Amino acid sequence: MPASIDQFKSSLSRWASGVCVITYESTEKKGGITVSSFSSVSLEPPLVLFCLAKDSSAKEPIEKAGNFVVNILSSEQKQISADFASGSLDKAVVLEGLKPGTLSTGAPVLPDSLASLDCTVNQTIDAGDHWIFIGLVEAVVTRDGSPLLYFNRNYRELV
């Protein structure tokens with residue numbers, strides 16, 4: 001018998017992780033979504049993954065666009081993380097207010113992120129109540145700073 005949802009969530013809250021916002025823009029919809037389920041997959045070719053809940057409205061526009069950007073947030077970007085995690089804000093309006101740039105794929109890149117990885121969709125995998133998106137990294141931009149971290153259901157910073 002598998003662990004209960006509450007036990008599973010409680011145990012995973014003990015895993016400190018960075019915070020990312022996945023940004024996207026298709027012909028019909030643009031926006032972003034905050035995720036902590038991000039990882040590198042391969043160096044050759046350069047692949048990354050993130051997990052997206054199946055009830056997310058971001059799946060279809062990401063698949064239609066065929067690209068996305070993983071924006072690794074700095075400790076100065078807590079509000080950006082909260083805004084893209086909010087269920088009540090229009091993510092297209094939030095994105096536009098940040099005046100995103102672009103790299104090679106044309107997907108929106110958040111300014112002032114520690115790193116932005118511009119990706120084309122390589123594969124989408126059905127996994128329980130989530131989708132796993134694997135992206136081929138086409139371009140990268142980085143800057144110095146301190147990461148925004150998430151641990152035990154709260155934002156944290158390196159000290």
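This is a predicted model: local features need pLDDT of at least 70, side-chain atom pairs count only at pLDDT 80 or more; totals for chains, interfaces and linings use all residues.
Q: Let's start with S4 and S5. In what sense do they pair, and over how many bridges?
A: Antiparallel, over four bridges. Strand S4 covers residues 38–42, and strand S5 covers residues 47–53.

Q: How many residues sit between S4 and S5 in the hairpin?
A: Four residues lie between them.

Q: And which residue in S5 is the bridge partner of Ser42?
A: Leu47.

Q: New topic: Lys30. Which strand is it in?
A: Lys30 belongs to strand S3, which spans residues 30–35.

Q: Why is Lys30 called partly exposed?
A: Because its relative accessible area is 23%. Buried would need under 20%, and exposed would need over 50%.

Q: What does Lys30 touch, leaving aside neighbours within four places in sequence?
A: Lys30 is in contact with Tyr24, Glu25, Lys91, Ala92, Leu95 and Glu96.

Q: What joins the side chains of Lys30 and Glu96?
A: A polar contact of 2.4 Å.

Q: How about Asp90: how many residues apart in sequence is it from Lys30?
A: Lys30 and Asp90 are 60 residues apart in sequence. In space, the C-alpha to C-alpha distance is 9.9 Å.

Q: Switching to the inside. How many residues has the largest nonpolar core?
A: It has 17 residues. Those with the most contacts inside it are Ile22, Phe50, Ile62, Phe68, Val70 and Leu117.

Q: Which elements give two or more residues to this core?
A: Strands S2 (20–25), S5, S6 (67–72), S9 (115–127) and S10 (130–142).

Q: Last topic: the open sheet of three strands. What is the order?
A: The order is S1-S11-S12, and the pairing is antiparallel.

Q: Which are the edge strands?
A: S1 (17–18) and S12 (154–156). Each of these pairs on one side only.

Q: How many bridges join S11 to S12?
A: Three bridges. S11 covers residues 149–151, and the two strands run antiparallel.

Q: What is the bridge partner of Phe151 in S12?
A: Asn154.

Technical notes:
Residues are numbered from 1 along each chain as its sequence is written. Side-chain values use heavy atoms; hydrogens and water are left out. Two strands pair if DSSP finds at least two bridges between them. Buried means under 20% relative accessible area, exposed over 50%, partly exposed in between (1.4 Å probe, protein chains only). Contact means heavy atoms within 4.5 Å. A polar contact is a pair of N or O atoms within 3.5 Å; within protein, one must be able to donate a hydrogen and the other to accept it, and residues adjacent in sequence count only if both atoms are side-chain atoms. A nonpolar core is a set of buried Ala, Val, Leu, Ile, Met, Phe, Trp, Tyr and Cys residues joined through side-chain atoms within 4.5 Å.
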